[in-house]
Amino acid sequence: MTIKINNLTKLYDDRKVLDDISFEVKDGEVLAVIGFSGSGKSTILKLISGLIEADGGEIKVDDGDIAMVFQYSALFDSLNVFDNISFALHERKEFRKKYTPEQIKFMVAKCLEIVGLPGIEEKFPHELSGGMQKRVSLARAIITNPKYILYDEPTAGLDPIASTVIENYILRLSQDIHATSVLVTHQMSTIKRCANRVIMLYNGKIVFEGTPDDLIKQDNPYTRQFVTGAIDGPMKITASSF
Amino acid sequence: MSKFNIIFRETATYRFYKLFIKQMREFLETVGNIALRLLESLKYIFTLQFKLSEVIEQSKRFAIDSLPITLTIVAMTAVIVSIQVAPELVKQGGKDYIGLLVALTMVREIGTIMSGFAIISMIGSAFASEIATMKVTDQIDALRVLQVSPIKYLFVPRILAGTIMMPFIVVIASVVGIIFGGLTAQMTSHEVSGLCYYTSVWHGLYVRDINIALFKASCFGGAIALVSSSCGYEAKNGAKGVGLATTKAVVWSFVTIVIIDYCFALFFYF
Ligand SMILES: Nc1ncnc2c1ncn2[C@@H]1O[C@H](COP(=O)(O)OP(=O)(O)OP(=O)(O)O)[C@@H](O)[C@H]1O
Ligand SMILES: [Mg+2]
């Protein structure tokens, strides 16, 4: 259950967002991807999940369901929380045959409990706060027991306690069901607690690859700048990076 | 780039052709996308891969929500036709043909095309903006990651709803139109009686016309749903993109049903 990425290139209107990058996500590992806003982190996740096509290189993903937690939740706004979370179970044949309505109800309740929002099945997405929507979208992603989970900033906008709950759960998913995960985040706390390995993107290239401890040791000018948030450093924020 | 090239790129001719080619490309892309989505939808429809509950839900929206507007528009058109022609026909001694004329225009053209326009402005635009919003807020991507085909989930129920419900709408609208046309004709001239009007309507109705009208209505309904959904699906770049997609959906739906209407007229009546 690995993801192998070789010489991946992605262009948006002649601009190279990802320039010939290669990396691997090992079985059961949580790989964190960091980098500035606009450095192509979400683009990597969209490429892995097959939502967009690469302009060069290849992505090899072993067989298995891929789930994704979107940066802006992407809940179906015409459906309530219950229907959102159970969506795949209702819409896909293989699950429809497998589970009875009672089982689905139970599974949804369990998933909501895990993300710390029990009993909100009847609510609609617009009645929830941004952080709550994020957690519902996590619940929707995990209900099918996917082999791969792609998290796009799962803890952004959450309070510290809710973040910890989600972090714990990300850890548990990788340990218990051996899910292989790619985790895009800006939060050092999340990286420290969850990630086995970290890669950092800048200008379409990987400028750092290592463990979270290496990241904090700050012997790489890029990571030092990222961790301390300094304006001076090798990375320049220009208009084109937005 | 050579100097000549740079100067050439500044010329109005170059810009004009560049814009023209861009527009043509967009046009062909839109047509191609609609055709592809139609094929994919047909695949799901003929293999019965759709949820009946969804189809019923969309049908309710399609027919019931739009009915007041549709009836108003068709009835008003009938009234207008009646006001314009009834006095003339009476003057020329053709009072026995008023009903025939109203019924013919209603059944053959106005009932269907006016209902189509009403449905586009109410339902087509709603379909488009709904799907466009889903597109720009990543909900379509979420569908795809969950391995549910957006065509199957969004397009098929809407297209079926349109195809099934449109004939009913047209029948109701045409009947209402004929009745209102009659009331108006009776008001414009006391020489026209109800009996005379409805006898004449009876002479103007042909089973063949009605069959063609029902078939045409079905095509309109399906086409409106398909074109609106497809234009909505193309949306990008946030709220502005939703607006653009909705406008495009309305314009393209109008053009599409007029073309379909033309084909019907050519094929069946020419
Ligand atoms: N559909 C698109 N069309 C054109 N350019 C795009 C598109 N999507 C993304 N981009 C560009 O690609 C770059 C990378 O975008 P991406 O969303 O991957 O960034 P990100 O690293 O996830 O940023 P953030 O941390 O803000 O979420 C950005 O500069 C963006 O402008
Ligand atoms: Mg992003």
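A polar side-chain atom of S42(A) sits 2.6 Å from an oxygen atom of ligand 1. I call that a polar contact, meaning a pair of N or O atoms within 3.5 Å; within protein, one must be able to donate a hydrogen and the other to accept it, and residues adjacent in sequence count only if both atoms are side-chain atoms. S37(A) also has a polar side-chain atom 2.6 Å from an oxygen atom of the ligand. At S39(A) a polar backbone atom is involved, 3.3 Å from an oxygen atom of ligand 1.

Before going on, the ground rules. This is a predicted model, in which local features need pLDDT of at least 70 and side-chain atom pairs count only at pLDDT 80 or more, while totals for chains, interfaces and linings use all residues. Residues are numbered from 1 along each chain as its sequence is written, chains are lettered from A and ligands numbered from 1 in the order in which they are written, and side-chain values use heavy atoms, with hydrogens and water left out.

Back to the ligand. There are 15 residues around ligand 1, and S37(A), K41(A), S42(A), T43(A) and Q71(A) come nearest; near means that a heavy atom of the residue lies within 4 Å. By type, the shell has 4 nonpolar, 8 polar and 3 charged residues. Here Ala, Val, Leu, Ile, Met, Phe, Trp, Tyr, Cys and Pro are nonpolar, Asp, Glu, Lys and Arg are charged, and the others, Gly among them, are polar.

Which element gives the largest share of the shell? That is α1(A), with 3 residues. Helices (H or I, at least four residues) and strands (E, at least two) are DSSP runs, numbered from the N terminus.

Next, the domains of chain A, with bounds from an automatic or database domain assignment. Domain 1 covers 1-64 + 181-242, and domain 2 covers 65-146. Their centres, taken over C-alpha atoms, are 28 Å apart.

Finally, chain B. It has 10 helices and 0 strands, and its C-alpha trace spans about 80 × 55 × 35 Å along its principal axes. Between the chains, 21 residues of chain A are in contact with 15 residues of chain B. About 1600 Å² is buried there, 58% of it from carbon and sulfur atoms; buried area is the accessible area (1.4 Å probe) that two parts lose on being put together, summed over both. On the chain A side, L51(A), F76(A) and E91(A) lose the most area to chain B, together 31% of what that side buries.

Methods: Contact = heavy atoms within 4.5 Å.
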